[in-house]
There are 2 protein chains.
Amino acid sequence: MTDAAPSSALLDRFAAIVGSAYAIREPAAQEPYLREPRAFYPAASPLVLRPGSVQEVAAILKLASETGTAIVPQSGNTGLVGGQIPRRDKPDVVLSIERMNRIRDVDPVANVLVCDAGVILADVQKAAEGVNRLFPLSLGAEGSCRIGGNLATNAGGTGVLAYGNTRNLCLGLEVVLPTGEIWDGLRRLKKDNTGYDLRDLFIGSEGTLGVITGAVLKLFPRPVGHQVAFAGLNTPEDALALFDLASGLCHTALTGFEIIARIGLEFTVRHIEGVRDPLPDGVHPWYALIDISTADSEETAAAMMTSVLEQAFERGIINDAVIASSVAQQDALWHLRESMSESQRPEGGSIKHDVSVPVSRIPAFIAEAGDAVMEAIPGARICAFGHMGDGNIHYNVSQPIGADKQAFLARWHEINRIVHAIVIRHGGSISAEHGIGQIKRDELAEVRGDGIEMQLMRRIKSAFDPAGIMNPDKVLKAQS
Amino acid sequence: MTDAAPSSALLDRFAAIVGSAYAIREPAAQEPYLREPRAFYPAASPLVLRPGSVQEVAAILKLASETGTAIVPQSGNTGLVGGQIPRRDKPDVVLSIERMNRIRDVDPVANVLVCDAGVILADVQKAAEGVNRLFPLSLGAEGSCRIGGNLATNAGGTGVLAYGNTRNLCLGLEVVLPTGEIWDGLRRLKKDNTGYDLRDLFIGSEGTLGVITGAVLKLFPRPVGHQVAFAGLNTPEDALALFDLASGLCHTALTGFEIIARIGLEFTVRHIEGVRDPLPDGVHPWYALIDISTADSEETAAAMMTSVLEQAFERGIINDAVIASSVAQQDALWHLRESMSESQRPEGGSIKHDVSVPVSRIPAFIAEAGDAVMEAIPGARICAFGHMGDGNIHYNVSQPIGADKQAFLARWHEINRIVHAIVIRHGGSISAEHGIGQIKRDELAEVRGDGIEMQLMRRIKSAFDPAGIMNPDKVLKAQS
């Protein structure tokens with residue numbers, strides 16, 4: 001790979017592959033591809049390419065490998081770690097897969113859906129519903145994120161507890177290698193032990209090993225019964241006991257278990273249109289959202305939810321609870337949970353963490369991180385929430401009231417290091433579901449040291465991308 | 001890697017690592033490590049090593065890499081494709097992990113169990129039961145296979161429908177690399193998006209990329225309700241309709257769905273002690289075993305099973321059915337299914353296939369393969385059975401009555417090619433759950449051709465095992 005800007009002639013050769021209508025050179029028109037949701041990564045690019053076929057993607061990567069041109073693959077541009085954004089001050093060419101948005105096949109008997117990687121997640125969900133099936137990947141950005149990006153980042157979301165990460169929802173892939181070769185791994189098989197697991201190597205590699213252009217996704221039967229409840233609790237220990245209870249009573253019918261710190265509830269009530277406190281008669285330090293879905297009937301789901309809450313009251317691990325009595329009320333409870341990030345914005349700067357620990361360690365992590373953060377920034381407002389059942393906490397720290405936003409945000413990496421050290425001590429991960437991208441690359445290297453894991457990752461990178469053109473400096477620092 | 005026999009001095013150095021009591025040189029004492037269940041692979045070895053710790057495994061592999069000594073890792077020695085057996089006429093050293101059989105930790109709150117790779121599968125199951133949890137991997141050899149081999153081959157079994165393959169049951173690994181370095185990837189996390197998925201690359205790589213020495217396994221709540229039924233049907237199409245019906249009514253509570261051709265039932269009744277025809281009032285061309293497990297109660301499971309069978313009768317897709325009314329009857333139905341392989345032995349030679357196709361293609365595959373096999377060997381008795389819900393059929397062909405066994409078995413690869421060509425046409429796999437090992441290596445290369453997939457596998461192999469000492473000639477032909 002070269003760091004020199006591609007010549008005008010070379011840019012013309014790239015543009016010719018997709019046609020000039022789909023080769024964007026004007027900065028204003030490039031804006032939607034260069035600026036991500038938080039505008040964290042200032043970027044420029046000599047060229048944004050919008051190929052319309054696997055063959056065009058292959059031709060682009062072949063030319064890139066031959067000429068040492070860095071390529072940044074991009075899907076829905078909703079990622080939070082900068083993986084889909086060109087490097088600052090490097091002439092990276094952007095390859096957007098958004099035009100490749102065809103659903104190729106839906107087979108409800110085999111329970112598979114085959115599609116281009118540029119299909120929007122919500123459209124996959126709808127296509128599944130159209131044949132009375134469920135595609136359970138669900139996250140805030142589902143209306144604009146695309147399945148290729150979900151796969152490239154092994155996206156998580158609220159359905160992981162029962163259905164797993166995106167990795168668990170994929171049977172096969174079509175990938176264009178950095179050299180321009182096409183791997184047709186679009187298998188529709190639940191079992192296939194014929195060699196190394198390339199599929200799972202591409203999933204989660206954040207566009208550094210190739211460009212995912214197509215996928216075979218798993219479909220599931222649609223649940224019949226659905227219940228949502230919201231409970232007030234005193235401590236994370238109680239939340240863990242409640243999760244253990246609900247999991248033991250419901251098994252895979254427990255389709256969601258989210259926790260929210262009191263301050264998070266206050267932020268949403270204060271800032272999000274239409275959100276009310278579901279338990280207005282008391283103030284509870286913690287809240288849990290419980291979601292149950294059953295195969296057979298609404299009655300079974302209701303009986304399960306009643307059983308969970310009754311036993312929880314008996315054991316004294318919840319103070320109060322409400323069960324949604326309509327779909328609208330169910331949606332309102334989920335809306336509260338999903339507004340957590342947005343509700344933090346009006347409160348000033350927020351230093352974010354997307355961490356996981358073994359589920360049993362969540363209370364200890366929350367206690368220790370709270371002490372450490374409050375010592376570093378007295379008055380900080382810790383807005384912890386997330387997917388408790390997955391051990392995944394979005395540990396967000398809002399600035400003290402009246403503090404200077406920029407001065408507070410300048411301490412981002414300092415606070416990250418404090419929190420992540422506690423995460424690591426509990427055997428946790430510094431990126432549970434968002435990935436590494438640009439923002440956590442150097443910290444990953446620090447945390448891992450130069451052990452065999454990073455060496456193996458570098459060897460895989462070299463084996464797949466000898467010219468070093470695929471999304472360089474993301475996840476791993478480019479070899480000079 | 002060298003093909004020369006290791007010198008006596010070198011063998012002494014290997015033996016010194018584990019101690020002479022655990023370095024076996026006498027052929028008679030080596031026998032249990034060189035002969036697998038079917039005695040298909042004649043083998044000799046200069047040395048069988050039985051290390052007692054990760055450090056000893058590391059020292060062995062380091063010395064092997066330095067001296068170019070081929071190492072064959074072995075777990076419970078129950079594999080069916082020869083992956084764990086030395087090559088014929090090559091001086092491979094065997095590394096058995098059976099002494100490393102300690103359960104390191106069980107955490108029922110985090111739902112994880114951490115163990116050495118040499119723990120017997122049944123002992124993992126028992127340890128999970130001891131804390132009121134389920135480890136759902138279940139297969140015929142569970143009393144003697146060891147978890148390291150289950151992981152190295154991504155073993156399947158009867159629990160895959162609801163819980164997935166071994167890959168889906170593992171959160172973390174400890175692996176000794178061919179160079180002797182140790183990768184501590186013993187993470188207990190449900191979510192961890194910090195780089196390439198090395199775990200899933202080692203899982204299923206059949207000991208060609210390193211030696212798995214430890215694992216973090218997922219535990220599940222134990223089901224409360226359990227129902228088993230056995231139904232008689234006319235066609236594979238009806239079996240598919242029944243599976244679709246049961247899956248739609250039970251979702252993840254459908255914990256088993258196996259099919260058996262009539263001749264398979266006859267073989268077990270004829271040859272297996274204590275097996276009786278569960279539906280003695282009729283002769284049905286096909287049978288289905290339905291297993292339902294529920295979180296809440298026996299009543300729920302019973303209601304689900306009744307509902308499945310009632311609707312199946314109404315739609316005319318089953319002829320007769322019986323629900324086991326005791327645990328003993330449930331065990332008897334499963335025993336019938338699990339005796340299928342054994343019951344074929346007294347009927348003479350059996351040419352076996354472990355294939356998968358998309359679930360919706362099973363009827364077409366069975367019809368086409370039947371025509372082709374009967375044309376090649378008139379009078380052949382096709383004993384198809386297996387995990388219909390996973391698309392995985394054990395398509396075994398017993399010799400015609402009175403045929404010469406050796407002459408019949410000499411046509412193994414010819415019949416494999418005929419059946420596998422149909423499998424490939426339906427987008428299937430020539431090894432659904434047993435792996436590639438020695439027996440399917442050349443056929444895998446034929447089926448895949450020299451495309452990018454085999455190239456990527458070879459590049460990964462070189463990146464992980466530059467000296468080429470790890471289980472050479474298994475899965476991939478060793479590079480000369």
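Predicted model: local features only at pLDDT ≥ 70, side-chain atom pairs only at ≥ 80, totals over all residues.
Residues are numbered from 1 along each chain as its sequence is written, chains are lettered from A in the order in which they are written, and side-chain values use heavy atoms, without hydrogens and water.

Chain B can be laid on chain A by a turn of 180° and a shift of 0.0 Å along the axis, with an RMSD of 0.0 Å (least-squares superposition on the C-alpha atoms of residues with pLDDT of at least 70 in both). The two copies are thus related as by a two-fold rotation axis. They meet through the same surface, because 100% of the interface residues of chain B are also interface residues in chain A.

Arg381(A) lies in strand β18 of chain A, residues 381-387 (strands are DSSP runs of E with at least two residues, and helices runs of H or I with at least four, numbered from the N terminus). Arg381(A) is buried, with a relative accessible area of 12% (buried means under 20%, with a 1.4 Å probe and protein chains only). Beyond its neighbours within four places in sequence, Arg381(A) is in contact with residues including Ile263(A), Phe267(A) and Glu347(A) (contact means heavy atoms within 4.5 Å).

Helices α8 and α10 of chain A have axes that come within 10 Å and cross at roughly 145° (lines fitted to C-alpha atoms over the stretch in contact, with angles from 0 to 180 degrees between N-to-C directions). The contact residues are as follows.

| Helix | Residues in the contact |
|---|---|
| α8(A) | Leu242(A), Leu245(A), Ala246(A), Leu249(A), Cys250(A) |
| α10(A) | Met304(A), Ser307(A), Val308(A), Gln311(A), Ala312(A), Arg315(A) |

Key. Buried < 20%, exposed > 50% of the residue type's maximum accessible area, 1.4 Å probe, protein only.
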